[in-house]
Each structure stands twice: as C-alpha cells, then as structure tokens.
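Biologist: I am new to this protein and would like to go through it with you, step by step. Could we begin once it is on display?

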Amino acid sequence: MGTLSVRENLLFSVKLRLDPRHYSTADKQQRVDSIIDDLGLQDCAHTKSIGTEFLRGVSGGERKRCSIGMELITSPRLLFLDEPTTGLDSNTANHIINLLHRLSRSGKTIVFSIHQPRYSIFSRFDHLTLMHRGELVYAGAAGKALSYFTDLGYHCEPFNNPSDFFLDVTNGEAQSTLDITSFNYDDKENCDNSNLLAVSYRQSTQYQRVVEELDHLTQGLEGGVGGQGQKADYVTSFWYQMRIVGGRMVVNSLRNPQTSYAQLALNIFFALLVGLIYYQIPLTLPEALQNRMGAFFFLIINMVFGNLSAVELFINERALFIHENSSGYYRTSVYFLSKIFADLIPNRIVPILIFSAIAYYMMGLKPAFTSFLLFTLTMSLVSLAGVSLAFLVSASVSSFAMVFGGFLVNLNSMLSWLSWLKWISIFRYGLEAVTINEFKGQIFYSNTTILPGEVYLETQGIDYSTWGFWQNHVALAGIITVCMVLAYIQLRRINRWK
C-alpha cells in the first residue's frame, strides 16, 4: 500500500499472517524489526509512505525489499519471486540478489525469474533454467551451463557475460561450430535453432540426471503430504481482519489526497458554483420553476458522475487485493465491507453533507429543516448509487441512463421498448425525490397567478403522496443493494479465477 510506510506495511502483514494466539504484540514487533535489519531497511523504515503518484516515497529497491519482507513474515521455506530486479539500476539489483543469496543460505529455497542479469548476479545462481518460446533448453547446475553449450559447439568469448551469451544462443544469434548432421534428430529440416536446442537438451545426459532426481524426489513425497485438496484456513478471525484492514483503509483515505481532500474540495467548489448561479431562487413565475428544475438537474448529474471516480480507486487496488487475498491475508468479505465502511461512506457521505449545507441554503430552497434533511438524504442515496454503479459498470452505461430521468425526455413519448429503462434510472428517482421535497406545499406566484407546487407536480405526472415520495428512496436503496451484491460476487469470481 503506497500510502503506508515500510514499517506499517510489514506490521500489516505480520498482524494478519501470524496467529495472535501464538504471537504477542511484542513478538510481532520483534519479527518486523528483525526483517528490517535483515533487508537493510533501517534508513527508510519510518519514511512517511512507500510512494504513490501523488506522494514521494522510497526508492524502487527499497520498495522491492519491503515486498519481499512482507512475504518473509511467515518464515516460508519456499519463496517465489517474479523478476525482482526489473526496473532497478545495476547496483540495486545486485544488492537484491545478494539479499536473496543470504536468505537461501539460511535454509530457504528461492525461485525467481530474471532477464539478462549482470555477471555478479549470475555467479550467485545455484540452479539455472533457460527457456525460449515456451520450450526448455537447459535446466541444471548454473556452473555447468557454459560447458554444456560448449559441448554443443557454442563458445562464449572471453569477458562476455554468460547471461548475454545464453540469450545469443537461444535467439539464434550465436552459431554452433558443429555440423547439424552430427546431431541425432528425427526431423532436422523442420527444426529451427530453438527447437534444436530443446531437442538437444532432452537427449542430453544432463536432462537424464534432472529427471532421475525429480523421480527420486517424487517417490520420497508419495504418501508423505497430507491435507491435499483442503483449502487453507485463515489464521485470524473475521472481526480481527475487519479491524486491521478497516484501519488501513482509513489511513489510506486520510493520506491519499485524491480520495479525501480532492473529493471534499470538489464538492465545496461545485456547491459554491451552483449556489452562486442559482442564488436565492425567487418564488415568482416563471423563473421559480425553471431555475429550480435546472439546479436539481445539475445537482443530480454531479452526484452521479462526481462519484464515478470510485472506478479508478478500485482499479488501482485491484492487483493489491488479488495478491493479498490469494496470499491469505484476509477474506474477500472483509475487504469488501472495509471498503464500504472505512472508505466509500466517509469519502462520499461527509462531502455530501457539506455540499448540501452550502448549496441548499445558497439557492434559497424550502427553509424547513426537515426539508433540508430529506434533501441531504436524497443526495446521499444518489451519491452511493453512483458509487455502487461505478463498481459494477463503466461510465458509458451510466451516462446512457441520463436521458431517462423523465425531465429531459417525456417518458410517455418514448418508444415502448425503451421505456423500461426508467425503472433503473438513478437520475429519475433522485430528481423526483428532490422535486417533491421542494414543490410540495410550496406556493409560486406572478402578478395575476398563484400556482401551488402540487399542480406543477401533477402536470409532470409525479406522484407526490407520502409513498410516492419514499418509493424513490426505496428504489435508490434497492439499486445500491443490487449493485453492491453484484460487485461482491465479482470480487468472489476474481478470487476464484485467480
């Protein structure tokens, strides 16, 4: 998590991956301190954050070492890494490999993929596997790889990096000094250079030794592994995970200006803008009706599209969630509920309360306090509906629903096969609710005319009864529930897919 420090990330891992019944708080702190010392992270352990696109953090090498440290929390005997040196400078990459080499000498097996390492890195390898186009061209002791290819007629020039030499061989840039007819291949004509290397390896004594070793290991494991096919259980309880994951969500929201301060500032700015444009709307006709409906339309549009940024927030954390969930940090339900209670609701509800307080009274809407509370409730439900929809569908689907609010298009004049869209329109329910709340009991007038708000509602075909008003909120709550349930199902599907 980019907004947390190195120590905070390590503490997050140790709290969720070590059983609290067997490890005290002091034990966990000691484990973190030990890993920080082993990885050489003392200088950056308390840096404010790992780093995001908005916050400057630690270096790339320190970030990778922190990632390795989070996996070392459980003292695994086997560690898999995917290109741990990619994106690092030569010196930092060498430092990472030296660290992994020390860990391997403490009884751990380190397996990782790497691309074109420098010689000092290559010299640390115990076992080397070379692949090209999905085929194995060598697997065995790293120190014997050069002699193996020398026997095939490929000679490494003095002072040439072996890893570069192997790339030249597999890519066909290095030529063998031996005649192809000297190789015992079944189909020489249809074999390119990479296939020749793969076939050569399968017919080599090196390959036979590896197969014999694997057979020996397989026989030794038969009947010795129990619990196969059983899903590993979590070492911490549901509520413990909720406390730890939820706490991290809160810290992340507070430290991420994109999700907290920017959202609040945007709502305040738009509230002031709308308030100034529609400042103290009078009760005189025709501006009383036209300005109120225009203001409500822009408010609802802002509530929906202003919260579609939740799509980006989930995408940014998608890889992190998949990694942590599949690694046994926490349950899918824990992440989902923590996201709702510790991130989405505070970042959406609190700005809406401030937004409503500014815009409502600047526009001079119905002065009754209960009307303001109902207005705020409607805005909050519309906002949450937009957030839940953002988790589930793209912005283009949401924007398509805009025209079915019932105010830009008369629902009675729509094509019958499109009219059903009004039942899933967030805009329609939000607009009807705020319109009923403002117009019911309101009197509008001109020099010679008095128009009750109920008359205008009837002309628009809006049911302004008690149930007619609350059915909009029930519908919005239903949209939120359905979208959130489907979003949770999607998270579960991603988990199983992964």
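**Surface patch and ring pairs**

Modeller: Helix H19 (residues 466–497) gives the largest share of the nonpolar patch, 4 residues; helices are DSSP runs (H or I) of at least four residues, strands (E) of at least two, numbered from the N terminus. This is a predicted model, in which local features need pLDDT of at least 70 and side-chain atom pairs count only at pLDDT 80 or more, while totals for chains, interfaces and linings use all residues. Residues are numbered from 1 along each chain as its sequence is written, and side-chain values use heavy atoms, with hydrogens and water left out.

Biologist: Is Val-485 buried, partly exposed or exposed?

Modeller: Val-485 is found in helix H19. Buried means under 20% relative accessible area, exposed over 50%, and partly exposed in between (1.4 Å probe, protein chains only). With a relative accessibility of 43%, Val-485 is therefore partly exposed.

Biologist: How are the rings of Phe-112 and Phe-125 arranged?

Modeller: Rings of Phe, Tyr and Trp (its six-membered ring) pair if their centres lie within 6.5 Å, and planes under 30 degrees apart count as stacked, over 60 as edge-to-face and the rest as tilted. A search of the whole structure gives 26 aromatic pairs. For Phe-112 and Phe-125, the centres are 5.8 Å apart and the planes at 70°, so the arrangement is edge-to-face.

Biologist: How far apart in sequence are the parts that this pair ties together?

Modeller: Phe-112 lies in strand S2 (residues 109–113). Because Phe-125 lies in the loop between helix H5 (119–122) and strand S3 (127–132), the parts tied together are apart in sequence by 13 residues.
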